[in-house]
Structure formats: structure tokens, C-alpha cells
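Visitor: Hi, I'm new to this one. Could you walk me through it?
Guide: Happy to, here it comes.

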Amino acid sequence: MASVSSSILPMLMVVLMCSHVGGEQGSYHKINIHSLLPSKVCSSFKESASLNFTRLKVTYRHGPCSPLRSHPTPLHEQILDEDRSRVDSLRRRIAAAATSAKLDRQRGSQVGSKIPVRPGSSVSTGNYVVTVGFGTPKTDQTVIFDTGSDITWIQCQPCVAYCYEQQDPIFNPSASSTYANISCSSTYCSDLDTSGCSSSTCLYGVQYGDNSFSIGFFAQDTLTLSTAGVIPKFPFGCGERNRGLFGKAAGLMGLGRGKVSLVTQTYQKYGGVFAYCLPPTSSSTGYLTFGAGYPSSNVKFTPMLTDASAPTFYYLNLMAISVAGQRLPISARVFNDAGTIIDSGTVITRLPPTAYSALRSAFRQAMSSYKMTSALSILDTCYDFTGHSTVSIPKVALQFGGGVTMELDLSGTLYVGNQSKVCLAFAANGDDSDVGILGNVQQKTFNVVYDVSKKVIGFGPGAC
């Protein structure tokens, strides 16, 4: 296999009342404080598969269940600072896409001879990983899955300049009997946001908001999700130049809505349907499924919205928030002006400042009997539960279009640093015009279903 020319590196460094869901009775969670603290023991998981249904184990990448567990656990401040970088990148990407679309409408789209310069994709520091197989015979690779990205890529031999350290052996394309590079004339190559050519072979490049990047050949090979989930000739990035904060993962699985995403490429097999459940703690496991056989009990669906200028992202209509059963006095316009996306890679949900201010005020009032403590990075509503054996936490619920109310699990309401630093797991955007983001903390324990064919997103409580 040829090497990626160093001259392509700069050119490719671009940046890409209602039906209620969930919860116990009453308006407060009353729990033993020690149940909030992480365990060092991993719970069990059993993979299952059928002809139209593929299920993978999901683990928190820094927890005891993760195959990447030898990687040092980062400090909470580092996780939250990286999350802030990701969110900043998402905002820039969406804002720049909207500006670009506006300019295209004004002057008409023109095809140039240069690779377009685009703002970066979201930072690839997602919290959750799955293990899949590439090639024939298959080589297991543990990858971050990300609904905010389209291209799937892994590190490949030879690393022309550098590869970052990963847990699994780096994929060797020459050892796979089904590997093939993709031609520059292929429609797969033209579907990439950023591409180049080397001797008529397609090159891809993706740079993330923290200056992490992956560059290499755009190729095809067999992707094995499970015994029943084998995808021949799956297009993916075979990265020979890679650097970044990927935490020993082999690469990234793109579950966005773009043309090169796994969801689009497996549409005939799985019908554009996938679902996941993010575990409540770092010491438990969840799942990622493909196909219509996802667990369907108690799933309620809200419309999946689309922004034509940012087609990768899954938008939904957040309409209202309640605390301890009381709806907050927030105008629906506050949520509608900027819109809201759901993102598996963002940790903390971001709200318009007007909405967050109302949530924070109500939450603090309901928690007035507990001692507040200093902020934890972006989280400004934190409590010291030292000396408490049990605590009562007000329930928080999010109301979406279609009459769906998502009553958050306790694990989706709080971010736990330690017993003396337990924080409300929401943060404010810089401005009401910034896009809102439903982060992965709030999604914990829900069966989150994406059905692209029906254009709906579903939530089912207590799934893992």
C-alpha cells in the first residue's frame, strides 16, 4: 500500500401534557449517597444477535469494564475542560455551516479546484466505546462511537510519521484479504467533506476542534459488528497520520446522518435504525444495537428534525423543563431560536442561559437544606454531601415535541466528582443563540432510539 504524501498534510488538515418517559413516583429521588460513588467491579453483560438485529457492548472508556482500562483515568476537571472544547467546536461548525449555506444561496454554489476549508469536527473525546472487527481475518478494534461525526476511521500500518498509542494492535491492511483502496473517481470519495488524491487513490482528512487529526487512505474492508452483523466493503478511513486525545481507542465510529456514516452505509441491512443505552455508572455496561430489533418497551418518540446546513446532526425540539414536578417559566421561544441537538459525545447538556438560569434557581431552591460548595470546572451548582447517608434530589424532566417527557434518571441529573463534590450536570451556553445540546450524562439508562427512516428519536427508561 502506498504512503500518504507529506505534501497532502496541510491541505487535508481541515475541520470538518404528555406521555411521560421514565421514573419512580413522586418528585424527588431519595438515595443512599454511597450508591452515587463509582465501583471498581464491572457488572456482567451478554451479547445477543439475530438476523436483523446486532447488539454490541458499550463501556465507559475510563471504567473497570473498558478494554482501555489500563489508560490512566483523567481528572474530572480535564474531562469537563475537554467537553467544553468539544462544545465550542460544535458551535463553530454549526455556525460556519449556516454562514456557508447562506453565502451559497446568495451567489450560487461554485466548484473550485481546491479542497474546501471547513471548520473542525467536534472534538473526538467521547466517553463510550465498542469493540468491532476490521478485515479478513478480522482484527478487533475498540473505537469511540459518535453521533456527531460521519466518517469511521482507525489507525493503520504503516504509520508514516506518527500514530498515537492505542490498546489494540494497529490494523495492518496488507494482512486482510478483503482490503482495497477507494479510487478518487468513486462516489464514496466525492461524498467526503474533505478529500485528496495520491496516484488516483482517495485520501481523507479529518481535524477536530482540539487539533487532533487523522489522515490516510479512504478504503473498503469487511466490518464485523457481531456474528450476524457482517458488513462487506465498508468504507472507512485507514489513518497513517494520527494525533490526538483518543485515549488508546483505535479510532472512531461515525453514527451521524452524512453519506459516509455507518448508519447510511448500512441502511439496506438495518433500515437506518440504531439504539444505545449508556450505563448509569462507569462500572456498568450498556449496549449499542443496529436494526429494528432494539428493546422497544416504553419507548416514546419525538420528531427528528434536520438543519439542511448541518446534515450530520440529529436535532429535536426541546420545549420545556420541570424540577420536582413544577414546570419552569421558560418561553418556548428560548429553545426554538437556536435549536437543540442530541449528541453521544458531549458530556454535559448545554442550555440557553435563560433556560439554565431558571433550572439552576429552581434546583438550588429545592436543595436549600444541603451545603453548597465550589464549582467544578463548568459546573456551578455543587454540593458537599459529607456526613449524609441519604440525600433527596429533585427530579428533573425535559419535555420534547410530540408530547414526550423524559424524566431523567438520578445518574442523568448529577455529575459526581466525589462525596464532597456532587454537581448539577447542566451548563449554560454563552448566548441564547447558541445551539443547545442534549449530552450523554442526561441520556444515561435510557434506550435512545434513532430511526432515520421514520425521522424520529425515541426514549425508553431503565434500559441498562
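Visitor: How many bridges join strand S11 to S12?
Guide: 11 bridges join S11 (residues 213-224) to S12, and the two run antiparallel. Strands are DSSP runs of E, at least two residues, and helices are runs of H or I, at least four, numbered from the N terminus. Two strands pair if DSSP finds at least two bridges between them. This is a predicted model, where local features need pLDDT of at least 70, side-chain atom pairs count only at pLDDT 80 or more, and totals for chains, interfaces and linings use all residues. Residues are numbered from 1 along each chain as its sequence is written, and side-chain values use heavy atoms, leaving out hydrogens and water.

Visitor: What do S11 and S12 form?
Guide: A hairpin, with five residues between them. Phenylalanine 218 stands opposite glycine 237 in S12.

Visitor: And which residue in S12 is the bridge partner of tryptophan 153?
Guide: Glycine 237 again. Strand S7 (residues 153-155) pairs with S12 in the parallel sense, over three bridges.

Visitor: Is S12 largely enclosed or exposed?
Guide: Largely enclosed by the rest of the structure, because 10 of its 14 residues (230-243) are buried. Buried means under 20% relative accessible area, with a 1.4 Å probe and protein chains only.

Visitor: New topic: how many helices and strands are in the protein?
Guide: Eight helices and 32 strands. Of the 464 residues, 57% are buried.

Visitor: What is the order of the open sheet of four strands?
Guide: S22-S23-S28-S27, with antiparallel pairing. S22 (372-373) and S27 (414-418) stand at the edges with a single partner strand each, so one side of each has no neighbour in the sheet.

Definitions and conventions
Buried < 20%, exposed > 50% of the residue type's maximum accessible area, 1.4 Å probe, protein only.
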